[in-house]
Amino acid sequence: MLEAGILSKFPAPEEQESTLLLNEFAELILSLSSLPNPQFQFSLTRILPFILKTLESPTSTADAAAKQSCLSALFNLSAALETASLLSSNGAVSALLTLISTKPFAEKALATLGQMVVTASGKKAMEDSSAVPEGLIEVLTWDDRPKCQELSAYVLMILAYQSSAQREKMAQCGIVAALLELALLGTPLAQKRALKLLQWFKDEREAKMGPHSGPQMGRRLAIGSPINPREAQEGRRLIKDLVKQSLNKNMEMITRRANNVGGGSSKLKNLVVSTSSKSLPY
């Protein structure tokens, strides 16, 4: 069918097709996408506009099946790095990111993003998107979609790896609280990924603080500004109270969510027993 030129018969993006025909075209693309990827290298320019138009169109009950077929086709095609890079450079990342907030499509969209983020063009497209990292962090809180949590954590790991700029963006969007919750309530794989990310944030914070980032008592005394011991003690007490309040707030939030998850309370108790405020970086 490919050799006979079937892809040339696909409708152009500006052509309007009936819902029935749209679904049939999507199913055909899904079937063809299972073929070895090299056969598509010179045909993607014809079918990709159709796929993207289908994914970006408003979702209705009638065309939801067509979107699922197109998502599965993109997943199959992106399995090859060369094709994944080509898809990323031609708008596929943007279309997929718009779908991760829709739970029926999120898992397949995240799985496909996971195959694209390992390419240079895919990673750059995600770094430049306004939906990253907020959309991915939101998925980390989906207790009813554990697979989506695992996939989102994986994409975030690739983006955060050796990129302080991305980690800074993630920290500003509140990823640490989401990771703490995932490390407590997530699946074993999600917990492992969350802990790895948390370790990176901890290491980066310690690197920024440095070995001499604490109060420079000697320097202040040298310039004639003695510190009142009573004031210093009061300052330390205030800081300790702030840290304790922040920790308690996070733990209360996690406890509320844990109570809604089976077995969460026992896991929470184990975490509290084995963890002190001194060992928590945030």
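**Reading a helical model**

The protein exposes about 15,900 Å² (Shrake-Rupley method, 1.4 Å probe; for residues, only the protein chains shown count as cover), and carbon and sulfur atoms supply 56% of that area.

This is a predicted model, in which local features need pLDDT of at least 70, side-chain atom pairs count only at pLDDT 80 or more, and totals for chains, interfaces and linings use all residues. Residues are numbered from 1 along each chain as its sequence is written, and side-chain values use heavy atoms, with hydrogens and water left out.

User: How many helices and strands does the protein have?

Analyst: Helices (H or I, at least four residues) and strands (E, at least two) are DSSP runs, numbered from the N terminus. Here there are 15 helices and zero strands.

User: At what angle do the axes of helix H2 and helix H3 cross?

Analyst: Axes are lines fitted to C-alpha atoms, for helices over the stretch in contact, and angles run from 0 to 180 degrees between N-to-C directions. The axes of H2 (residues 44-56) and H3 (residues 64-77) cross at roughly 135° and come within 9 Å. H2 is therefore oblique to H3 (under 35 degrees is roughly parallel, over 145 roughly antiparallel, 65 to 115 roughly perpendicular, the rest oblique).

User: Is Ala 153 buried or exposed?

Analyst: Buried means under 20% relative accessible area, exposed over 50%, partly exposed in between (1.4 Å probe, protein chains only). Ala 153 counts as buried because its relative accessibility is 0%. This residue lies in helix H9 (residues 146-160). Leaving aside neighbours within four places in sequence, Ala 153 is in contact (heavy atoms within 4.5 Å) with Leu 140, Leu 182, Arg 193 and Leu 197.
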